[in-house]
Amino acid sequence: MSTETLARPHPSTPADAASDAGALRQRYAAVRALSRTLAAPLSAEDQTVQTMPDVSPTKWHLAHTTWFFETFVLHAFDSGYADYHPDFNYLFNSYYEAVGPRHPRVERGFLTRPPLEAVLAYRDHVDAAMLRLLDRDLPAEATGLVTLGLNHEQQHQELIVTDIKHVLSCNPLSPAYVPAPEGAHHPAGPLRFVGFAGGVLPIGHDGAGFAFDNEGPVHDSVVPDFGLASRPVTNREFADFIEDGGYARPLHWLSDGWATVQARGWNAPLYWRRGEDGHWWHFTVHGLRPLDPDAPVSHVSLYEAAAYAEWAGKRLPTEEEWEVAARRQPVAGHFLDGTAEEPRAAAPNTDSDVPVQLFGDVWEWTRSAYSPYPGFRPAVGAVGEYNGKFMCGQMVLRGGSCATPPGHVRPTYRNFFPPDARWQFSGLRLAEDS
């Protein structure tokens, strides 16, 4: 996932400095509190388990996001700061070669110690120091790193939800992470295609406000005319693909995708389970529940998304096409708002010229490889390590999901995963040539 990269903070005028500092302090407190809220329903045992290499224990997420502020902010800008524990740099570093050696990623679930209470005390220790620091007049470099750290923590908040869903799905009791909410159910609207005019169009972040370095620089891209589906593909539509032998025939699959299906025995999206009555159920953050046919399909890989699109006689959009369409829309949708939920169908949209659910509910796979934009240069220093070195063998997703904190995504936001990844809330939207 696109994490841990330098931001481009929008400079403030001197008159705005005090209000900006107060807003940053408030935001720091709110973001840090949400991580604790997401962990609150979980036992200490829940927070220690790692069920696959891509999953990290909740306890590790709570510690790693704290380590980020300690390492990159407090060490640099608070000369009186005292580390909470000398071994935590080794335990909770993620990928930063420049910061030193680290505990192997695949063994994070072995860390029964430090116990959860020590991790929470670590958070309290760092938070107290950070809030004192944020009361001071800080240079732009410091406030930029704090802003980066908060966006980094929001990415880990999404991972807390997706990772614990995988952990609990491996329990034969199918326990719920949180209770299911009560709310109106909307049927999925008819699928239609909205036309967009192409041309030589600007793509990427223009530098105003926060962005990760992989979102820029803004550049011109040739985008042909295209059509984009009015909504994501639903569970009902994906079930039709399955019933038509979608996982049993190689016709619609990329070669690597078909090999993966055969090697791993895939026959449905992750978390789908066929009931004794023949109907589909799926494991959710609310436990095992009947499959909602109108909700966007989620937890599919790029391989499955591309196979479905081929079966449907369409294709996946490029990330440039997706961005062109999304720039017309407000960044609003079903995001993570205090408690975890599942993707759901959007309310009916009467405007036939506007795609719905471009933001929230499910990340949407694109057919674009995760590569640097023209003129991209990795940020200098340790915090610039993460994005650039992963620009190989991964594919771009856009739009955010029901596990993405509100305010975290933009039309230019580039998420990325390997094409076989499916434990995230990843879905698809169809595209066509005009």
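Helices and strands here are DSSP runs, numbered from the N terminus. The model on screen is predicted.

Stop 1: Select serine 174, in the loop between H5 and strand S1 (193–196). Serine 174 is not a glycine, yet its phi is positive, about 50°. Most residues other than glycine have a negative phi, and most peptide bonds are trans. Is serine 174 buried or exposed? With a relative accessible area of 14%, serine 174 is buried, because buried means under 20%.

Stop 2: Move to histidine 299, found in the loop between strand S7 (287–290) and H8. Histidine 299 also has a positive phi, about 60°, although it is not a glycine. Its relative accessible area is 2%, so histidine 299 is buried.

**Stop 3: two cis bonds.** Select arginine 113 and proline 114: the peptide bond from one to the other is cis, with omega near 10°. Proline 114 sits in the loop between helix H3 (88–92) and helix H4 (116–134). Then select glycine 216 and proline 217, where the peptide bond is cis with omega near 0°. The loop that holds proline 217 runs between strand S2 (199–203) and strand S3 (219–223).

**Stop 4: H6 against H8.** Select helix H6 (residues 235–243) and helix H8 (residues 302–311), whose axes are 11 Å apart and at an angle of about 80°. H6 and H8 are therefore roughly perpendicular to each other. H6 brings Glu237, Phe238, Asp240 and Phe241 to the contact, and H8 brings Glu304, Ala307, Tyr308 and Trp311. Five of the residues in this contact are nonpolar, three are charged and none is polar.

**Stop 5: the two sides of H7.** Select helix H7 (residues 255–264) and colour its buried residues, Gly257, Trp258, Thr260 and Val261. They cover an arc of only 160° around the axis, so they lie on the same side of H7. These buried residues pack against H8. On the other side of H7, Ser255, Asp256 and Ala263 are exposed. Glycine 265 follows H7 and has a positive phi, near 70°.

**Stop 6: the nonpolar cores.** Which residues touch the most other members of the largest nonpolar core? Among its 108 residues they are Met130, Val161, Tyr177, Phe238, Trp272 and Leu428. Helix H5 (residues 140–169) supplies the largest share of this core, 11 residues. Apart from this core lies another, of five residues, including Tyr370, Phe376, Met391 and Phe416. To finish, select tryptophan 272: leaving aside neighbours within four places in sequence, its contacts include Phe238, Trp280, Trp281 and Leu291.

Key: Residues are numbered from 1 along each chain as its sequence is written. This is a predicted model: local features need pLDDT of at least 70, side-chain atom pairs count only at pLDDT 80 or more; totals for chains, interfaces and linings use all residues. Side-chain values use heavy atoms; hydrogens and water are left out. Axes are lines fitted to C-alpha atoms, for helices over the stretch in contact, and angles run from 0 to 180 degrees between N-to-C directions. Helices (H or I, at least four residues) and strands (E, at least two) are DSSP runs, numbered from the N terminus. Angles under 35 degrees count as roughly parallel, over 145 as roughly antiparallel, 65 to 115 as roughly perpendicular and the rest as oblique. Contact means heavy atoms within 4.5 Å. Ala, Val, Leu, Ile, Met, Phe, Trp, Tyr, Cys and Pro count as nonpolar, Asp, Glu, Lys and Arg as charged, and the others, Gly among them, as polar. Buried means under 20% relative accessible area, exposed over 50%, partly exposed in between (1.4 Å probe, protein chains only). The arc is that of the directions from the helix axis to the C-beta atoms. A nonpolar core is a set of buried Ala, Val, Leu, Ile, Met, Phe, Trp, Tyr and Cys residues joined through side-chain atoms within 4.5 Å.
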